[in-house]
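Visitor: I'd like a close look at one part of this model: the charged side chains that pair up. Could you walk me through them?

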Amino acid sequence: MIQAIVFLPLLGAILAGLIALAGAHARNPSGDTIEHGHDDHAHASHAHDDHGHDDAHGHDDHHAPAEPPAAGTAAAELITTALLFVSAALSWITFVNVGFMKQDTLVHVLPWINSGDLQIAWSLRVDTLTAVMLVVVTTVSSLVHFYSIGYMDEDPNRPRFFGYLSLFTFAMLMLVTSDNLVQLFFGWEGVGLASYLLIGFWYQKPSANAAAIKAFVVNRVGDFGFSLGIFAIFMLIGSVDFETIFHAAPGLTGKTIDFLGWQVDALTLTCLLLFMGAMGKSAQFLLHTWLPDAMEGPTPVSALIHAATMVTAGVFMVARLSPLFELAPNAQAFVMLIGGTTAMFAATIGLVQNDIKRIVAYSTCSQLGYMFVAMGAGAYSVGMFHLFTHAFFKALLFLGSGSVIYAMHHEQDIRKMGGLWRKIPYTYVTMVIGTLALTGFPLTAGFFSKDAIIESAYVSQNPFAFYGFLMTVIAAGLTSFYSWRLIFKTFHGKPHDQHHYDAAHEPPLWLLIPLGVLAAGSILAGFPFKELFAGHGIEEFFRESLKMHPNIIEEMHHIPETIKNLPFVMMVIGFIVAFIFYIRRPDLPVELAEQQPLLYKFLLNKWYFDELYDVLFVRSAKWLGRVLWKDGDGFIIDGFGPNGVAARVLDAARGVKRVQTGYLYHYAFVMLIGVAGLITWFMFGLGGQ
């Protein structure tokens with residue numbers, strides 16, 4: 001069964017890829033021309049998505065007739081989607097078998113790397129932690145596939161798109177079923193590759209290419225640290241197999257390792273290097289800059305990246321390696337620090353964004369910070385609980401945003417919307433459900449998981465516990481504000497673009513059915529699973545797949561009622577302020593922005609991280625490259641090397657050429673100079689020697 005869950009998406013990706021290749025060959029039999037559609041934006045505009053990053057240009061008005069779809073498009077859509085639904089159904093069966101019936105399995109697929117002490121087999125490890133991730137990945141991915149059939153209905157390259165989606169899912173499934181760090185790294189890099197392909201799916205657009213490259217490069221920074229962490233573990237233990245690592249880890253306490261001339265604690269350094277990879281993949285503070293730009297891809301891609309695949313990989317990795325992190329309290333402190341900072345930092349930026357997808361993107365960034373706060377507290381199951389619930393309501397918010405964009409004919413700027421609840425009531429209701437879950441409204445899924453994270457930070461013994469608690473509480477209020485700001489500006493008030501408003505209508509059933517399923521999940525994924533993830537059933541449910549900090553769950557159940565109610569109070573405050581700002585007094589936000597222009601621009605420009613990195617890294621790298629190119633390679637190497645030698649030979653040849661005049665007296669003169677030289681040589685005794 002587990003082989004089918006993992007490899008069915010790969011089969012779908014291969015078949016869709018073959019269909020895409022056949023379609024491309026049919027359009028260009030000679031292979032010497034490239035179809036670009038009617039113009040450089042044809043692919044993008046047909047898919048009901050935006051092409052502007054700029055808040056003032058959040059739409060595309062291209063209405064050229066769509067390029068005909070590739071041959072076999074319907075087959076590619078149906079094959080990949082059907083295989084994903086089969087995989088999702090099998091994942092839920094596996095979830096029950098493993099989580100409740102304790103049928104953990106380890107399937108050996110084939111030998112992989114055998115080189116000296118490095119013995120790696122390709123194996124599929126299925127314990128409760130894996131089963132949870134299988135359900136999240138396959139459920140959301142299958143719904144995204146289904147949604148994409150309607151959303152991408154005018155894009156001519158749908159086989160390629162569905163092939164990429166299935167490849168993305170396969171890479172993530174390889175990651176979560178890995179039995180060793182090298183196999184995990186394979187899936188880790190696989191989701192990086194798939195995200196690059198999907199973010200840059202409309203490769204005719206320079207902005208899409210730039211966003212894809214940015215995501216790829218920023219993740220390489222994190223992955224460099226992650227690979228160093230894997231090397232460190234192999235050096236210390238001699239194995240990359242999880243069971244061997246966890247068994248040997250207690251023996252590493254107190255050991256040091258030489259790192260850049262310093263003797264540092266081996267486990268702390270290893271965990272920090274591994275977490276560096278998680279910071280890149282899960283878009284944590286300092287390595288977060290790629291995530292908002294990933295909105296360049298089609299909206300279904302955003303949903304898949306933010307809810308079920310790419311960004312959850314880092315959280316899963318820390319949970320999987322919880323036995324290591326529990327032995328490295330200083331590394332845990334750093335995880336808590338970064339998580340709390342990210343939760344707060346991303347929430348502040350979300351306050352003023354105007355692109356509907358970017359608001360939800362910064363919300364993802366902030367919620368990932370929450371998950372890492374739980375990991376830093378040692379409440380790994382609580383962090384996984386939020387990952388589980390977040391997948392449903394975040395996919396719902398992204399796909400709901402896609403429904404709004406579809407209805408508004410590519411428009412993404414919420415300042416140009418308004419009053420849409422009358423036109424798209426179904427989308428409105430589902431978006432409100434997703435918003436309630438995100439803000440932690442009682443009885444929704446987010447209420448149980450987010451509150452549990454804040455409680456875990458409060459009782460944690462981590463040095464940054466109070467900081468993590470404070471940041472997550474404040475972020476809860478900010479999350480409520482910007483989430484309701486999105487709802488009020490999009491669905492309430494007066495229409496700001498009458499033409500688009502008049503034409504707005506509910507999208508087809510392909511888009512509406514996944515919204516309904518995810519809306520149900522945004523409610524049902526909470527209370528029924530509370531005891532399993534954040535109650536007394538954790539040890540029975542997760543067993544050996546997680547190593548929880550001792551007694552933290554028990555302590556969470558005995559915190560003061562005031563602390564328990566604090567997130568709810570912050571949520572209500574955020575809602576009230578958003579209601580006053582955008583329903584009762586819509587002039588207030590403008591006044592506030594005018595009174596605090598520096599703060600407004602600071603938040604609108606995302607704390608100027610992109611500009612800072614441009615100065616520190618991009619421009620300096622370009623300057624260094626130019627110096628090495630012009631001065632190093634051009635002037636020094638070529639100047640004194642091949643080009644210099646050739647130039648001197650030419651100069652000498654030109655000089656000798658002047659002597660070859662054909663006149664006898666010129667040759668006699670040269671001979672006299674030669675004789676004079678020889679006489680001088682002998683006069684000074686050099687010839688005798």
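Guide: Let's settle one term before we start: a residue is buried under 20% relative accessible area, exposed over 50%, and partly exposed in between. Keep in mind that this is a predicted model. By that scale Arg415, at 34% relative accessibility, counts as partly exposed. Its salt-bridge partner is Asp413, with the closest N and O atoms 2.8 Å apart. Asp413, though, is buried, with a relative accessible area of 2%.

Take Glu77 and Arg158, whose side chains meet at 2.6 Å, N to O.

Now hop over to Lys205 and Glu296, which form a salt bridge at 2.5 Å, N to O. Here the link runs between loops: Lys205 is in the one between helix H6 (181–199) and helix H7 (206–237), while Glu296 is in the one between helix H10 (290–293) and helix H11 (299–307), 91 residues apart. Lys205 and Glu296 are both buried too.

Finally, there's a group to trace by eye: Arg125, Asp127, Asp179, Glu243 and Arg320 are joined in a network of salt bridges. As background, side chains of opposite charge can pair when their charged atoms come close.

Notes. Residues numbered from 1 in each chain as written. Predicted model: local features only at pLDDT ≥ 70, side-chain atom pairs only at ≥ 80, totals over all residues. Heavy atoms only, no water. Salt bridge = Lys/Arg side-chain N within 4 Å of Asp/Glu carboxyl O. Helix = DSSP H or I, 4+ residues; strand = E, 2+ residues; numbered from the N terminus. Buried < 20%, exposed > 50% of the residue type's maximum accessible area, 1.4 Å probe, protein only.
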